[in-house]
Amino acid sequence: MNEGIDEPKRNFLKLMVTASIVAGAGLSLGVVLKSLTPPQEGITSFPTLKLVDSNGNPLLASSLSVNNPNALQFNYPLQATPNNILNLGDASGTPIKISATQVTIPADGSKYTSYAGVGKYESIVAYSAICQHLGCVFPELRFYPNGVESITVGSKSYTGVFHCLCHGSTYDPTSGASVLTGPTTHPLPMVKLVWDSSTDELSVSNMVGPTIYGRTSDLQGETAINGTTTEVTDLGDPFTVV
Ligand code: FES
């Protein structure tokens with residue numbers, strides 16, 4: 001108990017003690033305030049980062065097998081903002097050319113143009129690995145390769161799609177990860193891939209579509225990625241190892 005000292009008086013005494021410590025240590029008020037303010041997280045523009053493997057070597061487009069169900073993920077544009085990269089093929093495993101297309105956001109009817117696929121067959125694309133409904137990630141949000149895995153939603157069977165087992169949202173990666181089935185009302189944001197045909201190396205340089213789920217901005221709210229590369233990690237095959 002602190003009988004005899006009321007609350008305002010106690011707070012005033014605390015302030016005086018703190019001020020005397022600051023003054024005694026020769027610290028300016030600005031320095032003290034700065035130390036109490038968390039660092040600003042985020043960046044001001046989309047960086048260009050080279051995709052590398054776990055050894056730090058450039059990821060080659062030709063190393064990405066067609067219709068691979070494994071989640072190959074990299075962070076972009078910030079840390080803890082995962083994306084899937086995948087090489088799309090038809091039911092017989094032949095790469096399919098992915099063209100830029102107009103994508104509609106069901107939530108508000110607005111439209112944007114997705115990126116074309118890259119690589120020798122223009123079949124490689126990358127999308128946010130965070131479901132746009134309520135934020136589920138791998139293994140709930142997974143890729144069902146064309147002719148390899150399928151998922152039935154209602155009375156319809158889908159293959160060659162992203163589907164989220166949390167609540168049933170389905171996205172079409174051949175058309176900008178547009179919405180095939182809800183409850184999501186937003187497509188998956190798409191990452192811009194850049195392919196160097198002379199080296200077969202891949203980089204990422206931008207995003208298009210809705211804001212990444214859970215963010216007020218794609219560029220804020222998370223720590224920046226250090227350096228000029230971002231590592232692609234194989235999280236495995238959700239149909240066999242998870
Ligand atoms: S979080 Fe993916 S469908 Fe709900």
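**A hairpin and its surroundings**

Analyst: Happy to! Strands S13 (residues 190-196) and S14 run antiparallel and are joined by seven bridges. Keep in mind that this is a predicted model. To find your place in the pairing, look for Lys-192, whose bridge partner in S14 is Asn-206. S13 and S14 form a hairpin with four residues between the strands, and in this hairpin Asp-200 takes a positive phi near 70 degrees.

Now follow S14, which spans residues 201-208, to another partner: strand S1 (residues 49-52) pairs with S14 over two bridges, again in the antiparallel sense. Here Val-204 of S14 stands opposite Leu-49.

Next, step back to the loop between strand S12 (178-181) and S13, where you will find Pro-183. The peptide bond from Gly-182 to Pro-183 is cis, with omega near 15 degrees. Another cis bond leads from Phe-138 to Pro-139, with omega near 5 degrees. Pro-139 belongs to the loop between strand S6 (124-128) and strand S7 (141-144).

Ala-80, though not a glycine, has a positive phi of about 60 degrees; Ala-80 sits in the loop between strand S2 (72-75) and strand S3 (82-87). Ala-80 counts as exposed because it has 10 C-beta neighbours inside 10 Å. Glu-122, also not a glycine, has a positive phi of about 55 degrees, and its place is the loop between strand S5 (111-113) and S6. With 16 C-beta neighbours inside 10 Å, Glu-122 counts as partly exposed.

Notes. Residues numbered from 1 in each chain as written. Predicted model: local features only at pLDDT ≥ 70, side-chain atom pairs only at ≥ 80, totals over all residues. Pairing = 2+ DSSP bridges. Buried ≥ 20, exposed ≤ 12 C-beta atoms within 10 Å, placed from the backbone.
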